Structure formats: C-alpha cells, structure tokens
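This briefing covers a model of two protein chains. Please look over the sequence and the structure below before reading the points that follow.

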Amino acid sequence: MTTPTDSPEQLDSVGIRTEGLRKVYSDSKRGRVVALDGLDLVCQRGEIYGLLGPNGAGKTTCLRMLSSVLSPTAGKAFVDGVEVSQDPLEVRRRIGFLSTSTGLYPRLTGRETLRYFGELQGMQAQQLEQRIEELIHVFELSGFVDGPGSSFSTGQKQKLSIARAVLHEPPVLILDEPTLGLDILASSAMIEFISSARSHNTCVLFSTHIMSEAERLCDRIGIIYHGRLLTEGTYDQLREETGEEYLDGVFLSAVRRADEELEV
Amino acid sequence: MPASRSAHRSPSLWQATLLVARMELRSSLRDRQTAIYSVVLPICLYPILFWMMIQGALLVQGRHEHTTVQVAIARAPGATVPDKLVDAVRLAADAPAQGPHIERIEPEFVGYAPDAESAWAEWTARDPRADALLFFSPPDDQGNETPAILCYDSTRSASVLAHDRLAKRVKAHARDVRADRALEHGIDPSDLQGVNFSQRDLADDREKVAYILSMLLPLLLVVMAVMGAFFPAVDTSAGERERGTHETTMLLPVPRLAVHQGKILSVCALALFATGLNLLALGLSAGHLLEMIASGGKINVELPLAALAMVAPFAMLFTFSVSAIMCGIAALAKSFKEGQALLGPVQLLFIMPAMAGVLPGIELDLRTALIPVVNVVLVFRSLLRGEVLPIEYAMTALSLLIYAWLSIVFAVRVLSREALFLSTESTPLLGLLRFLRSPKGTR
C-alpha cells in the first residue's frame with residue numbers, strides 16, 4: 001500500500017497517488033487499446049489538480065481507475081492512503097465522484113437519490129436528514145429536490161450530482177469535466193464550489209477541456225496525451241517551461257512536442 | 001469538507017443488497033412499461049379478456065338458438081317419404097318457443113328429382129336461403145330401403161346448423177320407428193338396435209376442472225415468470241446503461257456483489273409479484289369461465305389456493321433462475337431495445353420446455369424432477385391434481401435450488417465483467433462465452 005520512501009507526514013498529506021498506472025483493454029471495434037500508459041501522478045490534500053488532455057487522451061480512464069470503476073492492467077493507485085486494487089470498496093467510501101456519465105436515477109426524486117447514497121454510506125437516519133437539508137440549502141436544491149430526476153435541467157442535475165458526491169464529506173473529490181454542458185451561471189457556481197473545497201483540505205482531481213477553468217482554479221496542472229503525462233506543474237512553471245503566455249499555448253506546445261517525439 | 005468517515009457504519013453485504021433491491025424496485029415500479037406488464041395487465045386484462053370470451057360464446061350460442069334455418073325434403077320417383085318423419089320435422093318447427101334452446105326448422109317439400117344432387121341444385125337455384133335437404137331414394141332391386149341422403153353446404157354456418165338439427169330429428173324419428181316396430185312384434189326395442197351402449201365418464205366435475213387447470217396454470221406460471229422478469233431485467237441492466245446511471249451504480253459505496261444481488265433480487269421480486277398476480281387473476285377468471293361452460297353453472301369451481309400456496313416456494317426458486325439468467329443476458333446489451341432483442345430467444349428457452357411439460361404422458365418422477373423448467377411445471381400439475389409425491393417434490397426443490405444458485409453465479413459473473421464499461425457495442429449471444437472469459441472488474 002505504501003512505498004518505503006514515504007514518510008508518515010508525506011503519506012498523510014497525499015490525497016491521490018499513482019505509480020506507473022497502465023490500462024490496456026480490447027474492444028471489438030477498436031482492437032487493443034492502450035488507454036493509459038504508465039501514469040505517475042500525485043495530488044496533495046487541499047490541492048486542486050487539473051488534468052488536461054484532448055479527447056481519448058486517457059483522462060476518463062485514469063479517473064475511473066482511481067474511483068475503482070476500472071481495475072489497472074499494471075501499476076498502482078492510492079486514494080487517501082488506500083490502494084485501489086487492494087480495497088476498492090474503501091476507496092469508493094472515501095471519494096466523491098462526479099462526471100457527465102454518472103447520471104442521476106431518473107425515476108427517483110433528488111431527495112431519494114441523496115438518501116439512497118447516504119444509507120449506503122452507512123449514515124444514520126437523523127444525521128443523514130440533517131446533511132440533506134444542509135446540502136439543499138447550500139446548493140439551492142429546494143425548488144426541485146422533490147421532483148423526479150428525469151425532470152431536472154442540466155444545471156439542476158449537476159447541482160444534485162455535486163450534492164450526492166459530497167454528501168458523506170469525502171476527503172477526495174474526483175471530477176470528470178464537471179462543467180461540461182453547463183451554462184455560464186451553473187458553470188460559475190461549480191467553479192466556486194471546487195475552489196471552496198481547497199479550504200476544507202479536500203484533494204480535488206478534475207479533468208477539463210476548458211483552459212480558462214484550469215488557469216483560474218488549479219494549483220497544479222498535468223497535461224495528458226496518448227495515455228502519458230507529458231508535463232505537470234503550476235501554471236507559472238508550465239508557462240516558464242514552454243515560453244508560452246497562456247495555457248492554450250502551453251497545451252499545444254506540449255502536444256506538438258509529443259507528436260514530434262513519436263514521429264522520431 | 002473534513003473527512004468524517006469514522007461516524008458512518010457501513011451496511012453489511014445483505015443490508016446493502018436489500019437497500020439496492022429496494023431502490024431498484026421503487027425505480028422499476030415507477031416505470032410505466034413495467035407497471036403495465038406486471039400489475040395492470042393481470043388485474044385488468046385477463047378478467048376483461050375472459051369476460052369478452054364468455055360474452056362472445058354466449059352471443060354465438062344465442063345467435064344459433066335464434067337462427068331460423070330452411071330445410072326441405074325431396075324424393076326420387078318411386079321413393080316414399082315417411083309421413084311421420086315429415087310430421088316430426090314439422091312438429092319441431094311449429095313448436096312454440098319454450099326458451100332459448102328451441103331450434104326452429106321450417107321444412108319445405110321440394111318435389112321430385114332424379115337424385116340428391118339434382119334436387120339440391122334445383123332448390124338452391126330457386127331459394128338462396130336453402131340450408132339443408134333430405135333426399136329419399138326408392139328401394140333397391142331387392143326391395144330394401146335405401147338410406148336417405150342429407151345434403152348441406154359445409155362452408156355456410158346456417159347450412160351446417162340446419163344439417164345438425166335435421167340429423168337430430170331423423171335420428172330421433174328412427175328411434176321412434178324402431179320402438180314402434182318392437183312394440184308391434186312384442187320385443188324389446190334394444191334388441192333391434194344391436195349392441196346397446198352408452199358413453200360414461202366417471203370423473204367428477206371437480207376432477208375435470210382440476211385437470212383443465214393443471215394443463216393451463218403450470219404453463220402460465222412459466223410464461224408469467226418469464227414475462228414478469230423480462231422488462232425489469234432489461235430495465236436494471238441494459239436500461240441502466242442506456243440511461244447513463246451504470247457508472248453511478250458502480251460507484252455505490254458497497255461491495256459490487258451486493259449491487260448485483262440487489263438487482264437480481266428486485267427483478268425476482270417483481271417477477272414473483274407479477275406471476276402471483278397473473279395466476280390469481282387467471283385462476284379466478286378461468287375458474288369463472290369453466291364454471292359457466294363445464295356444467296352450465298351446476299358446479300362450483302374453487303380456486304386451487306392450497307396448490308397455489310404449495311407451489312409458491314418452487315415458483316420462487318424458479319423465478320430466481322429466470323430473473324438471474326435474464327439479468328445476465330440483458331446486461332450484454334447497450335440499450336433497452338437491444339436488451340429486448342437479446343432476451344427474445346431466451347424466453348423461448350423457458351417456454352418450450354414448459355410446453356413439453358404439459359404434454360399428456362409426461363409425469364413427475366425422479367428423472368423429470370431434474371429437468372429444468374419441466375420439473376416446476378410437473379410439480380404444479382401434480383399439486384393441482386391433488387397428488388402427494390414428497391420424494392419427487394424434494395428432488396425438484398433441490399434441483400431448482402441448484403439451478404437458481406448456478407443462474408445467480410452466471411448473472412453475477414456477467415455483471416462483474418469490466419467489458420460492460422469498456423465495450424462500445426452490445427455483445428451478441430454467440431459471444432457470451434468469450435465475454436465471460438474477459439477480465440473481471442473490481443470488487
């Protein structure tokens with residue numbers, strides 16, 4: 001579960017760590033797919049780490065492995081000190097996961113969805129009801145929380161999904177393109193929420209296509225391409241490294257360089 | 001958001017299974033299609049269907065009773081027509097209505113014709129309402145009477161009706177003539193009829209009803225279990241993938257086994273509920289129908305509640321198998337529609353042996369107790385007929401238990417494959433074995 005070089009302090013502060021994480025699978029249409037190719041990544045508690053990459057780069061596969069939905073072909077992943085392959089159930093208990101593909105149950109009301117997840121987390125009835133009321137207030141769910149999931153707008157779905165993800169107050173949040181499909185208001189509220197997680201000492205790993213979001217939010221940014229982490233660092237470090245002024249330029253520069261290396 | 005995990009006590013595997021099952025049930029019952037097929041159909045459709053059948057039967061019967069048919073009598077030159085027969089036919093025709101069972105016949109004398117075909121052709125050309133004709137030929141060369149010929153058109157229902165009524169009159173007349181002749185010669189009329197015999201069915205009405213129900217309800221048990229599991233199975237697996245909640249479910253903070261078991265349990269509960277409701281509704285409706293048809297309301301058809309109660313544990317084990325297999329197969333599909341297509345042939349796998357199970361001659365014994373599907377049909381048949389076969393029942397229960405366990409193992413194996421996440425299209429039935437060999441997902 002740990003490596004001999006880790007000190008207890010270091011371990012305590014690490015929210016997510018991957019070591020040579022690799023995922024290879026076969027698909028009838030695409031044949032053998034190397035979705036992730038030896039990813040090494042560390043995300044500290046209280047840190048917001050942005051994973052940038054084009055479609056098919058391996059972002060979603062990486063997040064799915066961290067959330068224990070997929071198992072790695074090779075390598076290791078630790079979430080809040082727990083190795084995902086060894087104890088995936090404990091990992092699911094310690095994370096809040098949100099993505100465009102984690103849909104809401106359309107025939108359950110918002111409140112029933114929250115209650116369901118809370119019960120499965122083992123929350124006591126009274127504590128759960130209090131927490132639900134708290135989240136209804138914080139995320140302004142009162143206008144729709146008792147309607148069926150199928151009647152929610154995209155923004156409402158996303159709000160409820162966040163509430164579901166943080167219901168049990170997880171120490172790690174994994175967010176896969178959390179602002180995808182949201183309008184400017186909902187998107188802004190989501191960014192504000194992610195930003196606030198830092199102050200709660202939560203480790204946040206999120207993937208996005210939107211450079212401005214990453215610029216604004218992330219403590220560190222990693223650029224992933226063809227399943228490999230091309231570069232990572234703070235926004236300023238990346239700009240300095242590439243000589244580019246904006247993150248778009250940093251991203252394109254890293255990707256072009258990787259393509260050139262591949263051609264060579 | 002501080003970590004407060006220590007305050008939560010995670011549910012056990014079975015608690016989690018029940019929580020998942022409860023949610024799946026709630027969700028399925030809110031699905032219109034599932035609710036219609038599982039609840040509305042048995043409650044409303046079958047009684048309505050049987051009521052319509054009864055009304056239809058009564059309507060046809062009533063129409064027959066009030067249908068007036070046109071019959072005629074003709075003879076060849078030299079032939080004689082027994083006056084008493086004409087009177088008998090006419091008497092019936094002229095009889096005042098004595099209720100709905102009086103049949104009306106209006107005889108007409110056509111006249112002479114060389115043969116039956118000519119007489120029929122002449123009459124039908126003259127009267128389009130010609131229904132049946134009785135033709136008398138002259139005696140043969142030895143002076144023996146030639147049998148009369150009853151002409152009718154089997155493609156017309158009124159003509160068939162006329163044939164039946166006329167034949168009845170002629171037979172009655174023949175009986176009367178024989179009786180008169182016997183009286184004339186001072187002998188017993190039965191001596192003139194050769195061997196006198198009558199058919200006698202020694203089964204009582206209750207046994208007859210039990211027999212009919214034993215041919216009907218066991219087959220329906222299988223059909224209803226399959227139909228009851230069909231939509232919930234597709235809904236909880238392929239439907240979930242289509243709705244985009246599969247990943248959400250896989251993120252539930254409980255063992256995957258609890259999730260899979262919960263799904264199967266919810267499908268099974270719905271299938272059992274639908275089966276029970278269907279059998280009850282069908283039993284009541286069919287019983288009422290049989291009551292009306294069997295003895296004109298003289299017998300009281302009771303719902304075989306004892307047999308239904310005794311078959312419940314067998315039905316439950318069987319429904320577990322059906323639900324688990326259907327969940328497993330439907331999980332191969334990426335969409336609801338594809339799930340339905342995949343389950344089509346699977347339905348037949350259950351229904352065909354069930355049909356074989358109700359064939360006469362196949363009985364419950366220690367060998368048939370091991371044949372999947374057939375065994376549950378035979379147990380139900382046996383219970384409905386009031387048989388007591390404890391060893392065979394125990395063997396059936398044991399084999400059903402093993403099949404249910406194997407089915408659940410199969411379903412869990414399918415549902416825990418990582419390919420459900422990674423594949424971009426449905427897996428055909430032929431690819432099932434390869435799918436089962438693909439890597440397993442996390443626990």
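**Polar contacts across the interface**

Across the interface of chain A and chain B, 15 residue pairs are in polar contact, both residues being at pLDDT 80 or more. A polar contact is a pair of N or O atoms within 3.5 Å; within protein, one must be able to donate a hydrogen and the other to accept it, and residues adjacent in sequence count only if both atoms are side-chain atoms. On the side of chain A that touches chain B, the elements giving two or more residues are β1 (14–27), α3 (88–94), β6 (95–99), α4 (110–120), α6 (154–166) and α7 (184–199) of chain A. Helices (H or I, at least four residues) and strands (E, at least two) are DSSP runs, numbered from the N terminus.

This is a predicted model, in which local features need pLDDT of at least 70 and side-chain atom pairs count only at pLDDT 80 or more, while totals for chains, interfaces and linings use all residues. Residues are numbered from 1 along each chain as its sequence is written, chains are lettered from A and ligands numbered from 1 in the order in which they are written, and side-chain values use heavy atoms, with hydrogens and water left out.

**Interface: size and make-up**

- The residues on the side of chain A that touches chain B divide into 21 nonpolar, 17 polar and 14 charged. Here Ala, Val, Leu, Ile, Met, Phe, Trp, Tyr, Cys and Pro count as nonpolar, Asp, Glu, Lys and Arg as charged, and the others, Gly among them, as polar.
- Chain A gives 52 residues to the contact and chain B gives 44 residues, where contact means heavy atoms within 4.5 Å.
- The two chains, A and B, bury about 4500 Å² between them, and 55% of it is on carbon and sulfur atoms. Of the area that chain A buries against chain B, A:R92, A:R107 and A:L120 supply 19%, more than any other three residues. Buried area is the accessible area (1.4 Å probe) that two parts lose on being put together, summed over both.
- Between chain A and chain B the count is seven salt bridges, each a side-chain nitrogen of Lys or Arg within 4 Å of a carboxyl oxygen of Asp or Glu.
- One salt bridge joins the side chains of A:E112 and B:R26, at 3.9 Å from N to O.

**Helix α4 of chain A**

- Nine of the eleven residues of α4(A) are buried, so the helix is mostly covered. Buried means under 20% relative accessible area, exposed over 50%, and partly exposed in between (1.4 Å probe, protein chains only).
- The buried residues of α4(A) are A:G110, A:R111, A:E112, A:T113, A:L114, A:Y116, A:F117, A:G118 and A:L120.
- These buried residues pack against α5 (125–138) and α6 of chain A, together with α1 (13–29) and α9 (246–250) of chain B.
- A:G122 follows α4(A) and has a positive phi, near 85°.

**Helix α9 of chain B**

- B:H246 is found in helix α9 of chain B and is buried, with a relative accessible area of 12%.
- Leaving aside neighbours within four places in sequence, B:H246 is in contact with B:E240, B:R241, B:L420 and B:F421.
- B:H246 and B:F421 are 175 residues apart in sequence, yet 8.5 Å apart in space, C-alpha to C-alpha.

**Strands of chain A**

- An open sheet of four strands in chain A has the order β2-β1-β4-β5, with antiparallel pairing. β2 (31–44) and β5 (82–83) of chain A stand at the edges with a single partner strand each, so one side of each is left without a neighbour in the sheet.
- Two strands pair if DSSP finds at least two bridges between them; β1(A) and β2(A) pair in the antiparallel sense over eleven bridges.
- The bridge partner of A:I16 in β2(A) is A:C43.
- β6(A) pairs with strand β7 (residues 172–176) of chain A in the parallel sense over five bridges, and in β7(A) the bridge partner of A:I95 is A:V172.
- A:I95, A:F97 and A:S99 point one way from β6(A), A:G96 and A:L98 point the other way, and all are buried.

**Positive phi in loops of chain A**

- A:D80 lies in the loop between β4 (74–79) and β5 of chain A. A:D80 is not a glycine, although its phi is positive at about 55°, and it counts as buried at 12% relative accessibility.
- A:E177 is found in the loop between β7 and α7 of chain A. Its phi is near 45°, a positive value in a residue other than glycine, and A:E177 counts as buried at 13% relative accessibility.

**Chain A overall**

- Chain A has ten helices and ten strands, and buried residues make up 57% of its 264 residues.
- Among contacts in chain A between residues at least 6 apart in sequence, 66% join residues at least 24 apart.
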